[in-house]
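Hi everyone, thanks for making time this morning. Let's walk through a structure together, starting with a sheet and then moving on to a pair of helices.

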Amino acid sequence: MERLRSRITIGVVGPHDLVERVVHVGAGLPAAATMRLVSAPYAADSEAPDKLGKLVGKVDAVLFTGPLQYDLAMQAGEIDVPATYVPVSAAGLYSALLRGARHGLDPARISIDSVCEAEVAEAYDEIGVPTAGVHVCEHPRPGSVRGFIGFHERLHREGLTTAALTTLRTVATRLTTDGVPVLRMTPPVSTVRRAIDTAALLGAAGRARESQIAIALVSLAARPGHGGAGDYRQQELKLLLHRSLLVDARAMGAVVAAREENTYVVTTTAGALSRITDGFQVAPFVERVRADVGVDVEAGLGLGRSAREADANAATALDRARAGEAAAYLVDGEGAVLPLPAARREPSDVVRRPPDSRAIRVRDQLVERLGADAASMVVDADTVAELLGVAPRSARRVLQGLVEEGLAWALPPVRSTHAGRPRRPYRLISG
């Protein structure tokens, strides 16, 4: 089931206790009604990439409970949604040092992991404790975590520290087993709040980018000696192109309309267009049209904050496609130009949605009742009303339905000297 689009959905990935803490803090935020936190806890850090994979496509952003979890996911592959993490900072030191003081631990002789030295020095300066006996091991990369245990154990074994402060549950568990006094630092509520707010902003920004207007201009490639209005084969190709484009358009929730002599415009959103182009890595429509119709097309894709901007960018991209070597070009809202190669697919990979069976029956019924006039396959609302015995208004709805199913193509209105609605002819497309 598609998630509620009225709320920003944030996936929370990390150890059970920290995920629970983040979700609890999020429930108390003033903006809780505008967001939804989805828990993705795990027992071992190695599960982070798998947990992330199950969230992608269901959330607007991902919030990791710490930098380690974020780094592990990044190491496994690119994160496909906006992501951030609850930072490790000196703010978490204060409560840990206070708890340590209650247990008789000397804050001037401890080892600390994950927090950078500058922040430790600043925190100790504020509480007036010297740092000469404080040892710090920062977290520059995931691999450094393996050294945290040895770092703490060595210092304690040599009598240089009275306790260890760590952000990681796995490190704390191992040190406890080895007899090293240990305190676990957890992020304070203020830090968690800021991280949730950041994730929500990232999710909202990502959704805004996804909902940008996207326009694709798809044109039949020029053929020497062809393309005039009287070229019957060219007209037939245009009808078949329209039907082929409707297949992908339905999947995107897009609208297809004729633009000029041999061009159609497909209007959708950046998110929908991204999904059928593998994240703007391959050209849309090109291979489907080649498989369905057996001809080449040129495609220009445009993104923009408005329909006018997207349309202008699409026109620029189509000009590049006509002059360039790629199957299609994309021009985004910043004016950047990206060539998109065709995605080679076997015919068996092309999924075609057949027209609705009721629409096919209506089309066949019209062709049959046209009789000798069926050779031209051109009708209008009055003709359909007479053939089917319905009112002209119903006949127009029938014709529009045939157009949407790719079984008819609207021709230019016929000029008339009489007042009233101009006659709109439609060409029926045979199976």
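Before we look at partners across a sheet, one definition: two strands count as paired if DSSP finds at least two bridges between them. Keep in mind, too, that this is a predicted model.

Now, how many bridges join β9 to β12? There are 8, linking residues 213–220 of β9 with residues 297–304 of β12, and the two strands run antiparallel. As an example, find L220: the residue opposite, in β12, is V297.

Let's zoom out to the sheet itself. It is open and has 6 strands, in the order β10-β11-β9-β12-β13-β14, with mixed pairing. Which strands stand at the edges? They are β10 (255–260) and β14 (337–340); each has a single partner strand, so one side of each has no neighbour in the sheet. On average, neighbouring strands here are turned by 20 degrees against each other, ignoring direction.

There is also a helix packing on this sheet: α12, residues 307–323. Helix α12 touches β9, β10, β11, β12, β13 and β14, and its direction makes about 150 degrees with that of β12.

On to our helix pair. Helix α4 (residues 91–102) packs with α5 (residues 117–127) at an angle of about 55 degrees, and their axes are 10 Å apart. Because of that angle, α4 counts as oblique to α5. The crossing is right-handed.

Who meets whom? From α4 we have L93, Y94 and L97, and from α5 come V120, A123, Y124, E126 and I127. Sorted by class, this contact has 7 nonpolar residues, no polar ones and 1 charged.

Note on methods:
Residues numbered from 1 in each chain as written. Predicted model: local features only at pLDDT ≥ 70, side-chain atom pairs only at ≥ 80, totals over all residues. Heavy atoms only, no water. Helix = DSSP H or I, 4+ residues; strand = E, 2+ residues; numbered from the N terminus. Axes fitted to C-alpha atoms, helices over the stretch in contact; angles between N-to-C directions. Contact = heavy atoms within 4.5 Å. Parallel < 35°, antiparallel > 145°, perpendicular 65-115°, else oblique. Left-handed = near helix turned anticlockwise from the far one by under 90°. Nonpolar A, V, L, I, M, F, W, Y, C, P; charged D, E, K, R; others polar.
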